[in-house]
Amino acid sequence: MLELEILGSNATAPTKEGPASCYLLHTETGLVLVDAGPGSLLAYCSRYELEQLRGIVVTHMHADHSLDLMAWAYRWTFPEVLPRVPLFLPEGEAERVAAFDAVFGIPTLPTMNQPITQSFDITAMPRDGRTVHEVDGVAFRSYAAHHSVPSAALRFESPDGRVVAFSSDTGYCAPVAEAAREADLFVCEATYLEADERSLHGHGHLTARMAGELAAEARARHLVLTHFASPADWDEGRRHAEGAFGGSVSVAVPGSRF
Ligand SMILES: [Zn+2]
């Protein structure tokens, strides 16, 4: 079994609709958090126990996908110290995590000198589309998305053959299509309705129409649009993506499950 629950899907910051990027994978035996955007810890704790969490996978170290890592790390070591769980990050981000730890580490508390490093077993993901990682019995690979920092598209495959893929933040590129190849669910960013070349191909984002084109190229079975710049774009974005994809399209509304 592999089910996706949307905790938060906003680009940039939480809104009244919910947190910034954070998703839960429900496995046979626990929960895996994909992205730790602001609001993710609160959204998680309002529904689940911390002991149910089996691991965290972060697609890239922009704040709307990772800012709550520090909140998770604080909670992981105080008031009680919880068993360490794996934390997967794109390769090349060790320095940024060390800097984050240096800012918020507490020298007078032994378990919180380097909160993230001390709370989680960190694994760097090479983004090569080949290296197979495992979290709570689910295998996954990471692919080189095109974005302004190392960004990892993800492909999770459950033991019974279910595939859930995430684009991460990305411009249109072949590795992301490969990550989503014939996926049962493809969670794809759709930051804009329209955007200039620099935003799309320089910095690296997609319009909703491009998300539909990417899903069509990957022959994904169901496209879930996420990371809209504004919730006001949800309906029009879905129409744009449907026109380009030709398959079923949903919007990653917080609280929805697939
Ligand atoms: Zn980003």
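The lining of the largest cavity in this predicted model is made up of 3 nonpolar, 6 polar and 3 charged residues.

**Cavity lining**

- Which residues line the largest cavity? They are Tyr23, Asp35, Thr59, His65, Phe166, Ser167, Ser168, Asp169, Val187, Glu189, Thr226 and His227.
- Charged residues account for 3 members of this lining and polar residues for 6.

**Nonpolar cores**

- Nonpolar side chains tend to be buried together in soluble globular proteins.
- In this model the largest nonpolar core has 31 residues. Within this core, the residues with the most contacts are Val176, Phe186, Cys188, Leu214, Leu223, Leu225 and Phe228.
- Strands that give two or more residues to this core are S8 (138–145), S10 (163–166), S11 (185–189), S12 (222–226) and S13 (248–251). Helices that do so are H6 (174–179), H8 (208–218) and H9 (234–245).
- Which element gives the largest share of this core? Helix H8 does, with 6 residues.
- Another core, of 28 residues, lies apart from the largest one. Its members include Leu7, Ala36, Met61 and Ala73.
- Leu225 is among the residues with the most contacts inside the largest core. Leaving aside neighbours within four places in sequence, Leu225 touches Cys188, Ala190, Ala211, Gly237, Arg238, Ala241, Val249, Ser250, Val251 and Ala252.

**Helix H8**

- The buried residues of H8 are Ala208, Met210, Ala211, Gly212, Leu214, Ala215 and Ala218.
- Against which elements do the buried residues of H8 pack? They pack against helices H6, H7 and H9 and against strands S11 and S12.
- Arg219 follows H8 and has a positive phi, near 55 degrees.

- Leu206 sits in the loop between helix H7 (197–204) and H8.
- Is Leu206 buried or exposed? Its relative accessibility is 0%, so Leu206 counts as buried.
- Leaving aside neighbours within four places in sequence, Leu206 is in contact with Thr170, Gly171, Tyr172, Cys188, Glu189, Ala190, Thr191, Tyr192, Leu200, Ala211 and Leu214.
- Cys188 and Ala211 are also among the contacts of Leu225.
- Phe104 is 102 residues from Leu206 along the chain, and their C-alpha atoms are separated by 33 Å.

**Backbone angles**

- Most residues other than glycine have a negative phi, and most peptide bonds are trans.
- Arg127 is not a glycine, yet its phi is positive, about 60 degrees. Arg127 lies in the loop between strand S6 (120–125) and strand S7 (133–135).
- Arg127 counts as partly exposed because its relative accessibility is 24%, and buried means under 20% while exposed means over 50%.
- Glu182 also has a positive phi, near 50 degrees. Glu182 belongs to the loop between H6 and S11.
- With a relative accessibility of 36%, Glu182 therefore counts as partly exposed.
- Which peptide bond is cis, with omega near 10 degrees? The bond from Phe78 to Pro79 is.
- Pro79 is placed in the loop between helix H3 (69–77) and strand S5 (85–90).

Note on methods:
Residues are numbered from 1 along each chain as its sequence is written. This is a predicted model: local features need pLDDT of at least 70, side-chain atom pairs count only at pLDDT 80 or more; totals for chains, interfaces and linings use all residues. Side-chain values use heavy atoms; hydrogens and water are left out. A nonpolar core is a set of buried Ala, Val, Leu, Ile, Met, Phe, Trp, Tyr and Cys residues joined through side-chain atoms within 4.5 Å. Buried means under 20% relative accessible area, exposed over 50%, partly exposed in between (1.4 Å probe, protein chains only). Helices (H or I, at least four residues) and strands (E, at least two) are DSSP runs, numbered from the N terminus. Contact means heavy atoms within 4.5 Å. On a 1 Å grid over the protein atoms alone, a cavity is a set of points where a 1.4 Å probe fits but cannot get out, and a pocket is an open set with protein on both sides within 12 Å along at least five of seven lines; lining residues have an atom within 4 Å of a point. Ala, Val, Leu, Ile, Met, Phe, Trp, Tyr, Cys and Pro count as nonpolar, Asp, Glu, Lys and Arg as charged, and the others, Gly among them, as polar.
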